[in-house]
Amino acid sequence: MFKTIANAFKIKDVRKKILLTLLLLLIYRLGCWIPAVGFNVDSINAGMEQGFNFFSLMNLVSGGALSNCSVLALGVSPYITASIIIQLLTVAIPALENLAKSGEDGRRKINFYTRIAALVLAIAQAVGIVVGYSGSIDANLTKVLPAWLVGMGVVLILVAGGMFTVWIGERITDLGVGNGMSLLIFVGILSSASSAFGSAIQQTIQNITYLWVIVLFLVAVVAIFAFIVFVDGGERRVSVQYAKQIKGRKMYGGQSTYIPIRVNGSGVMPIIFASALITLPQLILSFWPESSAYAWYSRYLGAGTWPYIVVSSLLILAFAFFYAQISFNADDVSKRIQQQGGFIPGIRPGKPTSDYLRKISNRITLFGAIFLAFIALIPSLAFWAIGEYAGAATLINAFSATGLMIVVSVALELDKQLEAQMLMRNYKGFLD
């Protein structure tokens with residue numbers, strides 16, 4: 001990947017896109033350090049140190065923006081959640097499904113609906129943050145203005161910052177390199193991980209005997225990264241043969257190709273779906289932080305607890321199969337093969353072909369779902385054990401399953417897009 005980036009800087013157009021992407025990412029990170037008026041930073045940090053809750057999870061994804069009481073504290077969380085909701089509704093509502101299949105104009109309308117949903121969710125999350133940390137509102141302001149007015153001002157600032165983050169992500173997608181939203185999450189996770197690792201090193205310096213634990217931790221991270229990359233590139237290739245067709249004086253077809261069915265075709269989406277679903281009740285209950293229901297959920301199903309890890313793994317298995325049906329429709333693929341005059345050797349066209357492809361997809365998805373559940377469960381247990389010895393519990397939270405998968409997926413996708421950009425500009429057409 002480093003060689004790809006070095007070669008990309010040699011091409012002027014690609015270099016401009018990379019520099020623009022870095023500039024927009026720098027603006028985003030600077031915005032994460034601009035404090036929003038109305039909160040007491042020390043009080044919020046003290047609340048987050050009490051346990052790993054939903055707001056701590058948001059803080060890690062946003063790269064510490066929430067703990068800094070930043071104007072960009074919401075990050076891309078509202079937009080990602082809105083995208084998931086719209087994607088699920090696209091399958092359930094025929095009108096949205098037709099829009100998704102109607103080309104560029106349909107996708108533009110779906111993006112508009114996604115922004116509207118992101119705005120609504122940004123307001124809900126901002127209100128949740130203000131209510132959840134109502135005790136952290138700056139006392140100096142409440143002496144001058146009513147507490148509800150200060151809270152409304154903070155909500156407006158957070159919502160504006162969240163939509164500005166969406167704008168930055170879309171500009172990166174349109175003018176830069178890679179998917180803007182994914183890169184913003186990528187940078188936020190790396191920032192949180194580097195801060196957590198620096199904190200762990202400071203704790204280890206106080207007791208040098210724990211140095212070997214940090215080394216083992218780094219080895220475990222590298223091994224898991226390698227395992228994720230290995231599985232992410234795995235695929236089952238289904239051979240397809242196209243019959244020869246004579247049109248006029250020319251012969252078409254007669255070639256053999258294959259359909260690639262990836263082991264982890266759903267990527268990190270099942271993990272994101274599972275995390276969003278299991279943390280949604282905690283977000284709703286956070287409006288009543290003193291209630292017994294919120295205390296019970298935080299204790300038994302809150303982020304970072306053992307039941308949370310187990311339930312998340314089961315939800316990942318379910319969502320992996322659900323998302324596989326969305327990303328790979330065996331009936332559509334079978335129909336497309338038949339319309340183009342192709343067939344799978346030994347399988348009849350039509351329904352037998354779709355049943356055969358569905359059977360292979362289900363088997364591959366099972367291995368991919370087990371892999372995702374393994375990544376979500378085993379690293380958390382291993383890091384938990386290492387973190388207890390090292391006294392560096394923040395490492396466990398920073399190097400979560402979602403973070404590991406997102407970092408690897410975004411890095412691989414960025415490498416592919418850079419290679420595609422260079423290939424497109426180095427390609428010599430027939431006029432050359």
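Q: Leaving aside its neighbours within four places in sequence, which residues is Glu 170 in contact with?
A: Keep in mind that this is a predicted model. Glu 170 has its place in helix 9, residues 147-175. Skip the neighbours within four places in sequence, and the contacts of Glu 170 are Tyr 79, Arg 115 and Met 181.

Q: Is Glu 170 buried or exposed?
A: We're still on helix 9, where Glu 170 sits. Its relative accessible area comes out at 16%, and the cut-off for calling a residue buried is under 20%. So Glu 170 is buried.

Q: Are helix 2 and helix 10 oblique or roughly parallel to each other?
A: Helix 2 covers residues 12-31 and helix 10 covers residues 180-206; their axes come within 11 Å and cross at roughly 55°. Roughly parallel would take an angle under 35 degrees, while roughly perpendicular starts at 65. That is why helix 2 counts as oblique to helix 10.

Q: What is the handedness of the crossing where helix 2 passes helix 10?
A: This is the crossing at roughly 55° between the two axes. As helix 2 passes helix 10, the crossing is right-handed.

Q: How many nonpolar, polar and charged residues does the contact of helix 2 with helix 10 have?
A: Helix 2 brings Thr 21, Leu 25, Tyr 28 and Arg 29. On the helix 10 side, they meet Leu 183, Leu 184, Val 187, Gly 188 and Ser 191. Sorted by class, the contact has 5 nonpolar, 3 polar and 1 charged residues.

Q: What is the strand order in the open sheet of 3 strands?
A: Start with strand 1 (residues 235-242), which 7 bridges join to strand 4 (residues 256-262). Another 2 bridges join strand 1 to strand 5, residues 342-343. The pairing is antiparallel, and the order is 4-1-5.

Q: Which residue in strand 4 is the bridge partner of Arg 237?
A: Strand 1 and strand 4 run antiparallel. Follow the bridge from Arg 237 into strand 4 and you land on Pro 260.

Q: Which residue in strand 5 stands opposite Tyr 242?
A: Strand 1 and strand 5 run antiparallel too. Gln 241 stands opposite Phe 343. For Tyr 242, the residue opposite in strand 5 is Gly 342.

Notes: Residues numbered from 1 in each chain as written. Predicted model: local features only at pLDDT ≥ 70, side-chain atom pairs only at ≥ 80, totals over all residues. Heavy atoms only, no water. Axes fitted to C-alpha atoms, helices over the stretch in contact; angles between N-to-C directions. Helix = DSSP H or I, 4+ residues; strand = E, 2+ residues; numbered from the N terminus. Parallel < 35°, antiparallel > 145°, perpendicular 65-115°, else oblique. Left-handed = near helix turned anticlockwise from the far one by under 90°. Contact = heavy atoms within 4.5 Å. Nonpolar A, V, L, I, M, F, W, Y, C, P; charged D, E, K, R; others polar. Buried < 20%, exposed > 50% of the residue type's maximum accessible area, 1.4 Å probe, protein only. Pairing = 2+ DSSP bridges.
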